[in-house]
Amino acid sequence: GGSGPEKHRKLNVEAGLRKGVLHPAVEEVYRRFVKPGFAAMFLEDSNTANNLRASKTKDNILSTFSRLKGFTPEIFAKAERVLTRPNRSCTELWAELREVLKAQAWGLRVVELAFMYPRLDLNVSRARAHLLKAPFVIHPGTGNICLPIPAEMVEEFRVEEPLKLSDVLAAYEKDVRVLQPHLARFEAFIARCLADARAPLKDEPSGAGPSPAKDLTASSAALGRAQV
């Protein structure tokens, strides 16, 4: 619930990070997904719309710092100066920011988690009047069908031309299965999620796959990610 970017970025991890600890589940998500995802989205010099040099990104990072305990005006000013240094790659700026923050470098992990950790809207998750956008659900008001879109096809999607239930039924009468390509892509995505979930973690002994219980938990997590 709530509104505004600060509400949406709120995470209860600050106290743990100040002590250098995270819940093991959050730590694993951070290591496997959040940290590399943050680097790909915000530390790539070619991604000028979102990287550290983009005004909105700098403002959001500084806004996050301003709410953290231990970030004095002096530390905040140092961080602000680093983010405006010229002739640096984004990766270099992030490393220099870590060096400047020193004991407060845990704040960088807060930023990474705040920007990248997946979450669901509370009301969408619990209220029957809302509709969680799982693949292939049908909007009760418009009849639009929620379709999974591969990242490489995002530019081809036309929001003004949604596939509707009426379109599917009309095509079905002509023996045309318009949903088949979307189903095939989604099944391939699920297969990749399951393969990724079953793959042994880097810190596990080579040749020792996950235990059945761990495999089941990971597979369920992968399916949950696929449905959001």
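This is a predicted model: local features need pLDDT of at least 70, side-chain atom pairs count only at pLDDT 80 or more; totals for chains, interfaces and linings use all residues.

Colleague: What makes phenylalanine 189 partly exposed?

Modeller: Its relative accessible area is 30%, and buried means under 20%, exposed over 50%, partly exposed in between (1.4 Å probe, protein chains only). Residues are numbered from 1 along each chain as its sequence is written, and side-chain values use heavy atoms, with hydrogens and water left out.

Colleague: Why is the pair of phenylalanine 186 and phenylalanine 189 called stacked?

Modeller: Rings of Phe, Tyr and Trp (its six-membered ring) pair if their centres lie within 6.5 Å; planes under 30 degrees apart count as stacked, over 60 as edge-to-face and the rest as tilted. Here the centres are 6.3 Å apart and the planes sit at 25°, so the pair is stacked. Both residues are in helix α10 (residues 180–198), 3 residues apart, which means about one helical turn separates them. Helices here are DSSP runs (H or I, at least four residues), numbered from the N terminus.

Colleague: And how do you know whether phenylalanine 186 is buried or exposed?

Modeller: With a relative accessible area of 16%, phenylalanine 186 is buried.

Colleague: How many aromatic pairs does a search of the whole structure find?

Modeller: The search turns up 8. One of them is edge-to-face: phenylalanine 71 with tryptophan 106, at 5.7 Å centre to centre and 85° between the planes.

Technical notes. Helices (H or I, at least four residues) and strands (E, at least two) are DSSP runs, numbered from the N terminus.
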